[in-house]
Amino acid sequence: MAARRLIPTLNRVLVEKIVPPSKTTAGILLPEKSSKLNSGKVVAVGPGLRDKAGNNIPAAVKEGDTVLLPEYGGTQVKLGEKEYHLYRDEDILGTLHD
């Protein structure tokens, strides 16, 4: 079966959640709540919404951005073996930078 690529519609954003490691490289188990941010990497972005005049309003994030996600919400999508989440642009709380 060929790999599928999902291109979101309107102002939707496809995100792959970042799962923090449960143990260090030395094998030490980390507590579950240690520095756990609900974040993800943007995989694909829809073309945006249109205003009343027909002008395109693009999404605030772009592919490759690391974003802060709400604790609840989004639609779970499974493509092949990978699991993704689909959010509306306005549901994303912000972008994370180093």
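**Note on the strands, cores and salt bridges**

1. R12 stands opposite R88 in β7. This is a predicted model. β1 and β7 pair in the antiparallel sense, over four bridges. Residue numbers here run from 1 along the chain.

2. The sheet around that pair is open and has six strands. Their order is β6-β7-β1-β2-β5-β8, with antiparallel pairing. Which strands stand at the edges? They are β6 (75-79) and β8 (94-95). Each has a single partner strand, so one side of each is left without a neighbour in the sheet.

3. Next, the β6 and β7 hairpin. β6 and β7 run antiparallel and are joined by five bridges. K78 stands opposite E83 in β7. Two residues lie between the strands of this hairpin. G80 takes a positive phi there, near 65°.

4. The largest nonpolar core has ten residues in all. Its members are V13, V15, V42, V45, A59, V61, V67, L69, Y87 and I92. Which elements give two or more residues to this core? They are β1 and β2 (39-45).

5. Leaving aside residues up to four places away in sequence, Y87 touches N11, R12, V13, V15, K17, L69, P70, G73, G74 and I92. Among these contacts is R12, the residue that stands opposite R88.

6. Now the charged pairs. How many salt bridges are there? The count comes to three. The cut-off is a Lys or Arg side-chain nitrogen within 4 Å of a carboxyl oxygen of Asp or Glu.

7. E16 and K82 form one of the salt bridges, with their closest N and O atoms 3.5 Å apart. E16 lies in strand β1 and K82 in strand β7 (residues 82-88), so the pair ties together parts that are 66 residues apart in sequence. β1 and β7 are also paired strands. E16 is partly exposed, at 27% relative accessibility. K82 is partly exposed too, with a relative accessible area of 42%.

8. R5 and E63 meet through their side chains in a salt bridge of 3.8 Å, N to O. This pair links distant parts of the chain, 58 residues apart. R5 sits in the segment before β1 (12-17). E63 sits in the loop between β4 (56-57) and β5 (66-68). Buried or exposed: which is R5? R5 counts as exposed, because its relative accessibility is 58% and the cut-off for exposed is over 50%. E63 is partly exposed, with a relative accessible area of 48%.

9. D65 and K62 also meet in a salt bridge, at 3.0 Å, N to O. D65 counts as buried, because its relative accessibility is 15% and the cut-off for buried is under 20%. K62 counts as exposed, at 54% relative accessibility.

10. One nonpolar patch on the surface should be noted. L10, L49 and I57 form this patch. Together they have about 240 Å² of accessible area. L49 is found in strand β3 (residues 49-50). L49 counts as partly exposed, at 35% relative accessibility.

Terms used
Predicted model: local features only at pLDDT ≥ 70, side-chain atom pairs only at ≥ 80, totals over all residues. Heavy atoms only, no water. Buried < 20%, exposed > 50% of the residue type's maximum accessible area, 1.4 Å probe, protein only. Patch = residues over 30% accessible without salt bridge, like charges linked within 9 Å, V, L, I, M, F, W, Y side chains within 5 Å. Areas by Shrake-Rupley, 256 points an atom, 1.4 Å probe, with all protein chains shown as cover. Pairing = 2+ DSSP bridges. Core = buried A, V, L, I, M, F, W, Y, C linked by side-chain atoms within 4.5 Å. Contact = heavy atoms within 4.5 Å.
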